[in-house]
Each structure stands twice: as structure tokens, then as C-alpha cells.
Amino acid sequence: MVVLAACASWSLLTAAAHDGRPEGMLLAVLAVAAGYASGRILGALLPVAALGAGALAGLGLAIATPGPQISLQLGHTGATAALLTLSCGAACCAAWAARPPALRLALRLLAAGTAVTAALLGSTTGFVTCTGVLLCSLAAARVRRRGLGLTGLAAAAALVTGATWAIGEDALPGGLTASLEGQLTEHRILLWHDALRMARTNPELGVGPGRFGELSPTVAQSLLPDGKPHSAPLQQAAEQGLTGVVLLAAAFCWILYALLRSPRTTPIALTTGAALTAVAAIASIGNALSFMTVTAGAGLLAGLATARPLTTGEPDDVWAPARRSAGHGHLES
């Protein structure tokens, strides 16, 4: 709550300094908080059913969201990929939490079906991230120290963010930049250039929340402007300065730390971490976090994966021995 409150307070401060519009940031913070709180409650009451229902809801929302056939400038492609990734992660977590073999198999098929759906919708990014989450979920069964896995996921998110920043600064070799430009589109890279130019001009407070579209030459020349730089960290840098970037990173690191301390099993914690890291990567090169369904869904999955179920003794629960020992100690006393 301290991290989320700091994000909201800083957006209000920078908005007051530059006559910005902090409503978008405040709604995103509210969506994450509401999703997380709902996930903690539902995860405690219905640890398997809530994850399965969340997976189906995310899949339905992804299908209902305008797909990649819509112009990339509208940002729906990233939202579709993020929702599919969250849905796949929730299905994998539900499979790990389920006990009946038939139910576990059905949930794994749902996760695989989500990746297939991404391919059918034409979401290449969604297919790649869903496949990655599936593979990470399967590999998580062999991981005994979740801290190492979560550290690797944090490093992966930092690598994608650093690569985005390097592309915006034209710091990569020419051949590599040209290759990536074909995948990311020249328009998006020009938006990143504008964002970093604003960040260099106002590194402390940025230009103010919601003001990127007003000050970006690329947005002014666009036929279908949405006023976004299509990169969450670069938008934070441009509109809220370096402190905004640090707060965004702190929110992501806080989620990973919560997963580290989660009473749920290690496969569930690592699968959730993989899904949220994939969403962070999508948000680094797209506009996914501008959609409330994505931010609320990310908070919901994090809450479900960190909830302490009222029924103890999950399969492969590494915390169960500690709970049993604590219970015996209480009886003996």
C-alpha cells in the first residue's frame, strides 16, 4: 500500500507542477489495488476455483478486445497479448493448486488453449508470451529455491526495459536497430525518441501526467493519435521524471517480493511471476497498462497467488511443514 500510495501521490505532485492530468495514473493504481484486494479474498476462500474463473474471464476479455487487425497506434494489440498472458498464467496456477488429476489436466489444456487462441487471433506477442509462461510453469516444478527464479525474472524485465531505453536513445548498432524497427514500426520508435527528449529536458518532475500527447511532434503528425508513447517506463520518464520510473520499478519489485513470501507453492509463485514479467515486457514496448482490464487483471493474479488459503495442505506446499510444526507447538503448549 505504501508503494501504491507513493505512485498516486507522485502523480498528483507532478500534475500540480505542470498542470497535468493524473486521472489515468490514479485509475491504474486504483485498479491494481482493487484487483489485488479481490485476489487476496477470493484466493483465501476459493484457491482453485478463483484462479480458474480468472483464467476464463481473461480469455473472454481478450477475445472481446479488438485484435491486432486494429491499427497498432490504438494499442489494442498489447492489451490482447497481456490479457491472454494473464489468463494463461492463471490457468497454470489453477492446475498446480488443483488436486484431482482430471481437473488438473483440464486446466492445463485451458492454458494450452489460451496460447492457441493467441495464435488464432493473430497475436504473435501473445502466443510467444503464453508459450513462455507454459514452459516456465512446467520448469517451476523442478525449482526448489523460488528466490533464484524470481531474481531471474526481475533480470529479464530489466533487460527488456534497458533494450527499450537503448532503442529510444539510438544506442544499439545500426543493423540491429533497423531489424527491430521493422518489428516495432518506425512510428513507435519516434514516439520513444520524443519521450526520452522530454525526460532529458525535465528529469526531476517530467512534463506532467497526460501531457505527452500535447508536446510530442510525432503525435501531432499522426493520423490516429492516442497521446501515448507506447512504453510504460518511457511514459513515466517523460511525464513523471526519473522518480516515476523508480516508483514503477518499485511496484514490480514489490510484487516479486510478495511472491517470494507467498504461502502458496513454489510453482504457483514462479508461474505468476513469469506471467507478470511477460506483461511487464509487453508494457515496455506497448500500451497495455493503459487498459484498466490489464492493470486490474495483473493485481488480481498477484492477489490470488499471494493469498493464504483457509484450507491448508496444498500439493507440494513448501510452507505446509512449517504450519504443521507451528500447530503441534501450540497443542503442546
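This is a predicted model: local features need pLDDT of at least 70, side-chain atom pairs count only at pLDDT 80 or more; totals for chains, interfaces and linings use all residues.

Trainee: Why are Arg197 and Asp194 separated by about one helical turn?

Mentor: Because they sit three residues apart in helix α9. Asp194 is buried, at 4% relative accessible area, while Arg197 is partly exposed at 41%.

Trainee: How many salt bridges are there in the whole structure?

Mentor: The general idea is that side chains of opposite charge can pair when their charged atoms come close. Here, a search finds four salt bridges. One of them joins Arg21 and Glu214, at 2.7 Å from N to O. Arg21 lies in the loop between α1 (2-18) and α2 (23-45) and Glu214 in helix α10 (residues 212-215), so this pair ties together parts 193 residues apart in sequence. Arg21, Arg211 and Glu214 are linked in a network of salt bridges.

Trainee: Which residue does Arg200 meet in a salt bridge?

Mentor: That's Glu169, at 2.9 Å from N to O. Arg200 is in helix α9 (residues 186-201) and Glu169 in the loop between α7 (146-168) and α8 (174-184), so you're looking at distant parts of the chain, 31 residues apart.

Trainee: And how many disulfides does a search find?

Mentor: Two cysteine sulfurs must be within 2.5 Å to count, and the search of the whole structure finds zero disulfides. For Cys130, the nearest cysteine sulfur is that of Cys88, 4.5 Å away.

Trainee: Is Cys130 buried or exposed?

Mentor: Buried, at 0% relative accessibility. Cys7 counts as buried too, at 5%.

Key: Residues are numbered from 1 along each chain as its sequence is written. Side-chain values use heavy atoms; hydrogens and water are left out. Buried means under 20% relative accessible area, exposed over 50%, partly exposed in between (1.4 Å probe, protein chains only). A salt bridge is a side-chain nitrogen of Lys or Arg within 4 Å of a carboxyl oxygen of Asp or Glu. Helices (H or I, at least four residues) and strands (E, at least two) are DSSP runs, numbered from the N terminus.
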